[in-house]
Amino acid sequence: MLQLYTDSSPNGFKITIALEELGIPYTLHHIRIEEGEHRQPDFLALNPHGRIPVLKDDSNGVVLFESAAILLYLAEKTGKLLPSDVQQRWEAIKWLQFHASSVGPIIGQRVYFELFDSTPNPVAIGRYQRMTDQVFSVLDQQLAQHPYLAGDDYSIADIAHFGWSHIARIINFDFSHHTHLSAWHDRIAARPAVQKGITLPEPATGA
Ligand SMILES: N[C@@H](CCC(=O)N[C@@H](CS)C(=O)NCC(=O)O)C(=O)O
(Lines give C-alpha, C1' and ligand atoms only; values in the text may rest on other atoms or scores of the structure.)
Protein backbone atom coordinates (compact mmCIF):
# COMPACT_ATOMS: atom_id res chain seq x y z
CA MET A 1 0.00 0.00 0.00
CA LEU A 2 1.11 3.57 -0.63
CA GLN A 3 1.03 5.95 2.35
CA LEU A 4 0.65 9.64 1.51
CA TYR A 5 1.35 12.29 4.15
CA THR A 6 -0.06 15.61 3.01
CA ASP A 7 -2.07 18.76 3.69
CA SER A 8 -4.39 20.98 1.60
CA SER A 9 -1.71 22.87 -0.27
CA PRO A 10 -0.19 23.24 -3.74
CA ASN A 11 2.58 20.70 -3.35
CA GLY A 12 0.23 18.24 -1.70
CA PHE A 13 -2.43 18.54 -4.43
CA LYS A 14 0.10 17.47 -7.05
CA ILE A 15 0.24 14.04 -5.44
CA THR A 16 -3.44 13.60 -4.62
CA ILE A 17 -4.21 14.53 -8.24
CA ALA A 18 -1.63 12.05 -9.58
CA LEU A 19 -2.90 9.23 -7.36
CA GLU A 20 -6.51 9.93 -8.35
CA GLU A 21 -5.51 9.98 -12.03
CA LEU A 22 -3.72 6.65 -11.62
CA GLY A 23 -6.56 5.11 -9.63
CA ILE A 24 -4.24 3.18 -7.35
CA PRO A 25 -5.11 2.58 -3.68
CA TYR A 26 -3.38 4.68 -1.03
CA THR A 27 -3.82 5.66 2.57
CA LEU A 28 -4.01 9.40 3.18
CA HIS A 29 -2.49 10.81 6.38
CA HIS A 30 -3.52 14.41 7.02
CA ILE A 31 -0.52 16.35 8.35
CA ARG A 32 -1.95 19.61 9.64
CA ILE A 33 0.69 22.28 9.00
CA GLU A 34 -1.27 24.93 10.93
CA GLU A 35 -1.08 22.71 13.98
CA GLY A 36 2.65 22.06 13.55
CA GLU A 37 2.27 18.35 12.82
CA HIS A 38 4.98 18.63 10.14
CA ARG A 39 7.46 19.51 12.92
CA GLN A 40 6.74 16.45 15.05
CA PRO A 41 9.49 13.79 15.37
CA ASP A 42 7.44 11.06 13.63
CA PHE A 43 7.03 13.24 10.55
CA LEU A 44 10.61 14.59 10.62
CA ALA A 45 11.79 10.97 10.53
CA LEU A 46 10.13 10.75 7.10
CA ASN A 47 11.24 14.20 5.88
CA PRO A 48 13.95 15.94 7.90
CA HIS A 49 13.04 19.17 6.04
CA GLY A 50 9.58 19.11 7.63
CA ARG A 51 7.56 19.63 4.46
CA ILE A 52 4.66 17.80 2.87
CA PRO A 53 4.12 15.80 0.69
CA VAL A 54 5.80 12.54 1.67
CA LEU A 55 5.11 9.19 0.02
CA LYS A 56 5.97 5.81 1.56
CA ASP A 57 5.65 2.60 -0.45
CA ASP A 58 5.07 -0.34 1.91
CA SER A 59 5.81 -2.80 -0.90
CA ASN A 60 9.50 -1.93 -1.04
CA GLY A 61 10.26 0.52 1.80
CA VAL A 62 10.85 3.52 -0.48
CA VAL A 63 10.22 6.84 1.34
CA LEU A 64 10.21 10.03 -0.72
CA PHE A 65 9.89 13.73 -0.08
CA GLU A 66 9.92 16.46 -2.80
CA SER A 67 6.80 16.44 -4.95
CA ALA A 68 8.73 16.15 -8.25
CA ALA A 69 10.53 13.01 -7.02
CA ILE A 70 7.20 11.54 -5.89
CA LEU A 71 5.57 12.29 -9.26
CA LEU A 72 8.47 10.63 -11.10
CA TYR A 73 8.26 7.62 -8.78
CA LEU A 74 4.53 7.17 -9.39
CA ALA A 75 5.02 7.53 -13.15
CA GLU A 76 7.79 4.94 -13.15
CA LYS A 77 5.89 2.55 -10.90
CA THR A 78 2.77 2.59 -13.08
CA GLY A 79 4.15 3.34 -16.54
CA LYS A 80 1.61 6.17 -16.81
CA LEU A 81 1.58 10.00 -16.92
CA LEU A 82 5.02 10.14 -18.56
CA PRO A 83 5.31 9.62 -22.34
CA SER A 84 7.29 6.58 -23.48
CA ASP A 85 8.79 8.31 -26.52
CA VAL A 86 12.25 9.47 -25.43
CA GLN A 87 11.92 13.03 -26.74
CA GLN A 88 8.51 13.63 -25.18
CA ARG A 89 9.55 11.88 -21.96
CA TRP A 90 12.47 14.28 -21.48
CA GLU A 91 10.29 17.19 -22.50
CA ALA A 92 7.97 16.25 -19.61
CA ILE A 93 10.89 15.86 -17.19
CA LYS A 94 12.28 19.25 -18.29
CA TRP A 95 8.97 21.04 -17.60
CA LEU A 96 8.61 19.15 -14.32
CA GLN A 97 12.07 20.33 -13.30
CA PHE A 98 11.27 23.87 -14.47
CA HIS A 99 8.32 23.78 -12.13
CA ALA A 100 10.31 22.41 -9.18
CA SER A 101 13.21 24.84 -9.56
CA SER A 102 11.81 27.97 -11.14
CA VAL A 103 8.05 28.18 -10.70
CA GLY A 104 7.00 26.67 -7.36
CA PRO A 105 9.68 28.47 -5.30
CA ILE A 106 8.98 31.85 -6.97
CA ILE A 107 5.21 31.67 -6.42
CA GLY A 108 5.89 30.44 -2.88
CA GLN A 109 8.01 33.53 -2.15
CA ARG A 110 5.35 35.78 -3.68
CA VAL A 111 2.73 34.20 -1.42
CA TYR A 112 4.93 34.89 1.58
CA PHE A 113 5.65 38.55 0.74
CA GLU A 114 2.11 39.40 -0.41
CA LEU A 115 0.07 37.43 2.09
CA PHE A 116 2.08 36.58 5.18
CA ASP A 117 4.92 39.08 5.71
CA SER A 118 4.20 41.12 8.85
CA THR A 119 6.03 44.19 7.41
CA PRO A 120 5.03 45.02 3.81
CA ASN A 121 8.13 44.94 1.60
CA PRO A 122 7.32 46.63 -1.76
CA VAL A 123 10.70 45.71 -3.29
CA ALA A 124 10.22 42.00 -2.60
CA ILE A 125 6.57 42.11 -3.65
CA GLY A 126 7.47 43.81 -6.96
CA ARG A 127 10.35 41.41 -7.58
CA TYR A 128 8.24 38.29 -7.10
CA GLN A 129 5.32 39.71 -9.08
CA ARG A 130 7.69 40.31 -12.00
CA MET A 131 9.31 36.88 -11.65
CA THR A 132 5.92 35.17 -11.48
CA ASP A 133 4.81 36.92 -14.63
CA GLN A 134 8.03 35.89 -16.39
CA VAL A 135 7.52 32.19 -15.67
CA PHE A 136 3.83 32.42 -16.57
CA SER A 137 4.89 33.97 -19.87
CA VAL A 138 7.29 31.07 -20.57
CA LEU A 139 4.51 28.56 -19.84
CA ASP A 140 2.12 30.54 -22.02
CA GLN A 141 4.51 30.42 -24.97
CA GLN A 142 4.87 26.64 -24.67
CA LEU A 143 1.13 26.17 -24.35
CA ALA A 144 0.51 28.36 -27.40
CA GLN A 145 2.13 25.55 -29.41
CA HIS A 146 0.97 22.41 -27.57
CA PRO A 147 -2.12 21.36 -25.61
CA TYR A 148 0.05 20.07 -22.74
CA LEU A 149 3.48 21.04 -21.47
CA ALA A 150 5.27 18.00 -22.91
CA GLY A 151 3.36 18.12 -26.19
CA ASP A 152 0.27 16.12 -27.04
CA ASP A 153 0.11 14.07 -23.83
CA TYR A 154 -1.06 15.08 -20.36
CA SER A 155 1.77 14.25 -17.95
CA ILE A 156 3.19 14.75 -14.46
CA ALA A 157 4.57 18.09 -15.73
CA ASP A 158 1.01 19.39 -16.13
CA ILE A 159 0.03 18.04 -12.71
CA ALA A 160 2.99 19.76 -11.03
CA HIS A 161 2.24 23.16 -12.58
CA PHE A 162 -1.48 22.83 -11.91
CA GLY A 163 -0.83 22.41 -8.16
CA TRP A 164 0.34 26.02 -8.08
CA SER A 165 -1.86 27.51 -10.82
CA HIS A 166 -4.86 26.27 -8.82
CA ILE A 167 -3.65 28.21 -5.79
CA ALA A 168 -2.72 31.25 -7.94
CA ARG A 169 -6.35 31.40 -9.12
CA ILE A 170 -7.71 31.14 -5.56
CA ILE A 171 -5.51 33.95 -4.23
CA ASN A 172 -5.91 36.19 -7.29
CA PHE A 173 -2.39 36.01 -8.71
CA ASP A 174 -4.03 36.81 -12.03
CA PHE A 175 -2.73 35.06 -15.14
CA SER A 176 -5.81 35.54 -17.34
CA HIS A 177 -3.78 37.75 -19.73
CA HIS A 178 -1.70 34.65 -20.51
CA THR A 179 -4.54 33.23 -22.56
CA HIS A 180 -2.95 29.87 -23.48
CA LEU A 181 -1.92 29.20 -19.87
CA SER A 182 -5.37 30.17 -18.74
CA ALA A 183 -7.07 27.85 -21.25
CA TRP A 184 -4.69 25.02 -20.26
CA HIS A 185 -5.57 25.59 -16.60
CA ASP A 186 -9.30 25.32 -17.36
CA ARG A 187 -8.69 22.16 -19.41
CA ILE A 188 -6.83 20.49 -16.56
CA ALA A 189 -9.32 21.71 -13.95
CA ALA A 190 -12.15 19.97 -15.81
CA ARG A 191 -10.60 16.51 -15.30
CA PRO A 192 -12.53 14.44 -12.72
CA ALA A 193 -9.34 13.21 -11.00
CA VAL A 194 -8.12 16.80 -10.66
CA GLN A 195 -11.45 17.91 -9.20
CA LYS A 196 -11.17 15.14 -6.61
CA GLY A 197 -7.45 15.65 -5.94
CA ILE A 198 -7.87 19.30 -4.96
CA THR A 199 -10.37 18.35 -2.24
CA LEU A 200 -7.90 16.04 -0.47
CA PRO A 201 -7.39 16.10 2.44
CA GLU A 202 -9.54 19.26 2.30
CA PRO A 203 -10.15 21.96 -0.33
CA ALA A 204 -7.70 24.88 -0.23
CA THR A 205 -9.11 28.15 1.04
CA GLY A 206 -6.17 30.45 0.24
CA ALA A 207 -6.18 31.61 3.84
N1 LIG B 1 9.98 21.54 -2.85
C2 LIG B 1 9.03 20.91 -1.99
C3 LIG B 1 8.23 21.97 -1.25
C4 LIG B 1 7.37 21.36 -0.16
C5 LIG B 1 6.66 22.45 0.65
O6 LIG B 1 7.17 23.58 0.78
N7 LIG B 1 5.50 22.09 1.22
C8 LIG B 1 4.77 23.04 2.02
C9 LIG B 1 3.28 22.91 1.79
S10 LIG B 1 2.87 23.29 0.10
C11 LIG B 1 5.06 22.79 3.49
O12 LIG B 1 5.14 21.66 3.90
N13 LIG B 1 5.20 23.87 4.27
C14 LIG B 1 5.44 23.77 5.67
C15 LIG B 1 6.46 24.80 6.12
O16 LIG B 1 6.99 25.54 5.28
O17 LIG B 1 6.76 24.81 7.29
C18 LIG B 1 8.11 19.97 -2.78
O19 LIG B 1 7.92 20.22 -3.98
O20 LIG B 1 7.62 18.98 -2.22
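## Strand β1 and its covered faces

Both faces of β1 are covered, with Leu-2, Leu-4 and Thr-6 buried on one side and Gln-3 and Tyr-5 buried on the other, where buried means under 20% relative accessible area, exposed means over 50%, and partly exposed lies in between, with a 1.4 Å probe and protein chains only. The strand spans residues 2–6 and is mostly covered, five of its five residues being buried; strands here are DSSP runs of E with at least two residues, helices are runs of H or I with at least four, and both are numbered from the N terminus.

The model is a predicted one, in which local features need pLDDT of at least 70 and side-chain atom pairs count only at pLDDT 80 or more, while totals for chains, interfaces and linings use all residues. Residues are numbered from 1 along each chain as its sequence is written, and side-chain values use heavy atoms, with hydrogens and water left out.

## Pairing within the sheet

On one side, β1 pairs with strand β2 (residues 26–30) in the parallel sense over five bridges, and Thr-6 stands opposite His-30 in β2; two strands are taken to pair if DSSP finds at least two bridges between them. Between these two strands the chain passes through helix α1 (residues 10–22), and this β-α-β crossover is right-handed, a term that applies if, with the strands pointing away from the viewer, the path from the first strand over the helix to the second runs clockwise. The pairing of β1 with strand β3 (residues 54–57) is antiparallel and runs over four bridges, with Lys-56 of β3 as the bridge partner of Gln-3.

Taken together, four strands form an open sheet of mixed pairing in the order β2-β1-β3-β4. The edges are held by β2 and β4 (62–65), each with a single partner strand, so one side of each is left without a neighbour in the sheet. Neighbouring strands of this sheet are turned by 15° against each other on average, direction ignored, where the axes are lines fitted to C-alpha atoms, for helices over the stretch in contact, and angles run from 0 to 180 degrees between N-to-C directions.

Within β4, Phe-65 is partly exposed, with a relative accessible area of 32%. Phe-65 and Leu-46 are 19 residues apart in sequence, and their C-alpha atoms are 7.8 Å apart in space.

## Surroundings of the ligand

The residues around the ligand are Ser-9, Pro-10, Asn-11, Ile-33, His-38, Arg-39, Arg-51, Ile-52, Pro-53, Glu-66 and Ser-67, a residue being counted if one of its heavy atoms lies within 4 Å of the molecule. A nitrogen atom of the ligand is 2.7 Å from an N or O atom in the side chain of Glu-66. Taken alone the ligand exposes 510 Å², of which the protein buries 72%; these areas come from the Shrake-Rupley method with a 1.4 Å probe, and for residues only the protein chains shown count as cover.

## Backbone exceptions

Most residues other than glycine have a negative phi, and most peptide bonds are trans.

Glu-66, in the loop between β4 and α3 (67–78), has a positive phi near 80° and is partly exposed, with a relative accessible area of 49%. Asn-172 has a positive phi of about 60°; Asn-172 lies in the loop between α6 (156–170) and α7 (179–189) and is exposed, with a relative accessible area of 64%.

Arg-110 is found in helix α4 (residues 86–116) and is buried, with a relative accessible area of 10%. A polar contact of 2.7 Å joins the side chains of Arg-110 and Glu-114; such a contact is a pair of N or O atoms within 3.5 Å, and within protein one must be able to donate a hydrogen and the other to accept it, while residues adjacent in sequence count only if both atoms are side-chain atoms.
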